[in-house]
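Visitor: I am new to this structure and would like to know how its descriptions are reached.
Guide: Then ask as we go.

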Amino acid sequence: MVVDTKKTLLYNLPSLRLLFTPSQSSFWELLPSKPGIYIFEDENKNPLYIGKSINLRSRLKQHYEGFLTGTTKAANFIPQTHSLYLKVVNNDIEAVIIEAN
């Protein structure tokens with residue numbers, strides 16, 4: 001049996017675009033603890049960094065904490081980040097496929 005992954009993936013799952021305001025605790029509370037993809041965007045919505053995670057909130061906190069301590073590549077994109085685009089998916093395999101597209 002051949003499966004068309006474009007049709008079986010649930011692209012209609014919720015997506016979210018937030019202003020990147022990590023200094024506000026309410027920002028972190030809005031982030032889902034679900035698998036998905038994330039895109040750090042500049043003020044023109046151009047992608048600065050694209051990633052995937054099995055827990056979006058946790059992974060995005062890791063990026064920000066790495067930026068604060070200067071221990072990760074996040075220093076290259078966090079200062080230019082204006083918004084954050086999130087796409088929640090059902091599982092990590094969907095996240096891998098969507099990130100690749």
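**Reading the model**

Guide: Along the sequence, the protein follows the pattern α-β-α-β-β-α-β-α. That makes four helices and four strands. This is a predicted model, in which local features need pLDDT of at least 70, side-chain atom pairs count only at pLDDT 80 or more, and totals for chains, interfaces and linings use all residues. Residues are numbered from 1 along each chain as its sequence is written, and side-chain values use heavy atoms, with hydrogens and water left out.

Visitor: What makes a stretch a helix or a strand here?
Guide: Both are DSSP runs, numbered from the N terminus: helices are H or I with at least four residues, strands are E with at least two.

Visitor: Where is confidence lowest, and where highest?
Guide: pLDDT is the predictor's confidence in each residue, from 0 to 100. Helix α1 (residues 5-8) has the lowest confidence, at a mean of 43, and α3 the highest, at 95. Over residues 1-10 the pLDDT is below 50. Where pLDDT is low, the predicted coordinates should not be read in detail. The average for the protein is 85, and 87% of the residues score at least 70.

Visitor: Which residues of helix α4 are called buried?
Guide: Buried means under 20% relative accessible area, exposed over 50%, and partly exposed in between (1.4 Å probe, protein chains only). In α4 (residues 92-100), the buried residues are Glu94, Ala95 and Ile98.

Visitor: Why are they said to line one face of the helix?
Guide: Seen down the axis of α4, the buried residues fall within an arc of 100 degrees, so they line one face. The arc is that of the directions from the helix axis to the C-beta atoms. Ile93 and Ala100, on the other side of α4, are exposed.

Visitor: What covers the buried residues of α4?
Guide: The cover includes β2 (36-41) and β3 (47-53), judged by contact, meaning heavy atoms within 4.5 Å.

Visitor: What makes a set of residues a nonpolar core?
Guide: Such a core is a set of buried Ala, Val, Leu, Ile, Met, Phe, Trp, Tyr and Cys residues joined through side-chain atoms within 4.5 Å. The largest has 17 residues, of which Leu31, Phe40, Leu60 and Leu86 touch the most other members. At least two residues of this core come from each of α2 (25-30), β2, α3 (56-69) and β4 (83-88).

Visitor: Which residues does phenylalanine 40 contact?
Guide: Leaving aside neighbours within four places in sequence, the contacts of phenylalanine 40 include Phe20, Tyr49, Leu60 and Phe77.
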